[in-house]
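Student: I have a model open and would like to go through it with you. Can we start with the backbone and then move on to the ligand?

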Amino acid sequence: MKKRIIMATVAVSVGMMSAAFAAETGETIFKAKCSSCHPDGGNIINPKETLKGIKDPKKITKKIRKGGGGMPVFDAKAVSDADAKLVADYIVKTFKK
Ligand code: HEC
């Protein structure tokens, strides 16, 4: 009986840890900060500048810091360097065409 309670406690804590970890993925950052203008990798403001088929993640991290053409600048407070890298890798992997 005691063993079962311990197992249940472990299961709950592992679940909570993975939820906290999930908050840090490229996908969740994208959904929180980018997808309002770039749903499905598109672009609702300038439909010619989509996120599709970008091969170099550095192009994305640069655009995050520089903005321009209707895209806001995201400084390191808005999107940390680590998060910018995560979201760039997510975009390259997800929106291939
Ligand atoms: C308020 C709307 C808005 C938000 C939010 C936004 N963008 Fe943009 N984004 C744009 C617009 C508009 C352009 C076109 C800019 C141009 O013409 O130079 C663009 C262009 C880009 C480009 C260049 C695409 C290309 O093919 O050259 C990248 C990369 C990009 N955005 C990434 C992001 C990422 C990553 C985020 C989230 C951190 C984000 N954007 C959030 C509006 C937005």
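Student: Which residue just after helix 3 takes a positive phi?

Tutor: Gly 67, with a phi of about 60°. Keep in mind that this is a predicted model.

Student: Which residue has a positive phi although it is not a glycine?

Tutor: Asp 40, where phi is about 55°. Asp 40 sits in the loop between helix 2 and helix 3.

Student: Is Asp 40 buried or exposed?

Tutor: Exposed. The relative accessible area of Asp 40 is 65%, and the cut-off for exposed is over 50%, so Asp 40 falls in that class.

Student: Back up a bit. How many helices and strands does the protein have?

Tutor: There are 4 helices and 0 strands. Read from the N terminus, the order is α-α-α-α.

Student: And what percentage of the residues count as buried?

Tutor: 22% of the 97 residues.

Student: What happens at the start of helix 3?

Tutor: Asp 56 places a side-chain oxygen within 3.0 Å of the backbone nitrogen of Lys 58.

Student: On to the ligand. Where does it sit, in terms of pockets?

Tutor: The ligand takes up the space of the largest pocket.

Student: Which residues come nearest to it?

Tutor: The ligand has 22 residues around it, and those that come nearest are Cys 34, Cys 37, His 38, Glu 49 and Met 71.

Student: Which element gives the largest share of that shell?

Tutor: Helix 3, residues 57–66, which supplies 4 residues.

Student: How does the shell divide by class?

Tutor: It has 11 nonpolar residues, 7 polar ones and 4 charged ones.

Student: New topic, aromatics. How many aromatic pairs does the structure hold?

Tutor: It holds 3. One of them is Phe 30 with Tyr 90: the ring centres are 5.6 Å apart and the planes meet at 45°, so this pair is tilted.

Student: Where do those two residues lie in the chain?

Tutor: Phe 30 is in helix 2 (residues 26–33) and Tyr 90 in helix 4 (residues 81–94). They are 60 residues apart, and the pair links distant parts of the chain.

Student: Are Phe 30 and Tyr 90 buried or exposed?

Tutor: Both are buried. For Phe 30 the relative accessible area is 3%.

Student: And how are the rings of Phe 30 and Phe 95 arranged?

Tutor: Their centres are 5.3 Å apart and their planes at 50°, so that pair is tilted as well. Phe 95 is in the segment after helix 4 while Phe 30 is in helix 2, so the pair ties together parts 65 residues apart in sequence.

Student: Why does Phe 95 count as buried?

Tutor: Because its relative accessibility is 9%, and buried means under 20%.

Student: So which residues do the ring pairs link into a cluster?

Tutor: Phe 30, Tyr 90 and Phe 95.

Key. Residues numbered from 1 in each chain as written. Predicted model: local features only at pLDDT ≥ 70, side-chain atom pairs only at ≥ 80, totals over all residues. Heavy atoms only, no water. Near = heavy atom within 4 Å. 1 Å grid on protein atoms, 1.4 Å probe; cavity = no way out; pocket = protein on both sides within 12 Å on 5 of 7 lines; lining within 4 Å. Sits in = over half its atoms within 2 Å of the grid points. Nonpolar A, V, L, I, M, F, W, Y, C, P; charged D, E, K, R; others polar. Phe/Tyr/Trp six-rings, centres within 6.5 Å; stacked < 30°, edge-to-face > 60°. Buried < 20%, exposed > 50% of the residue type's maximum accessible area, 1.4 Å probe, protein only. Polar contact = N/O pair within 3.5 Å; in protein donor to acceptor, adjacent residues only side chain to side chain.
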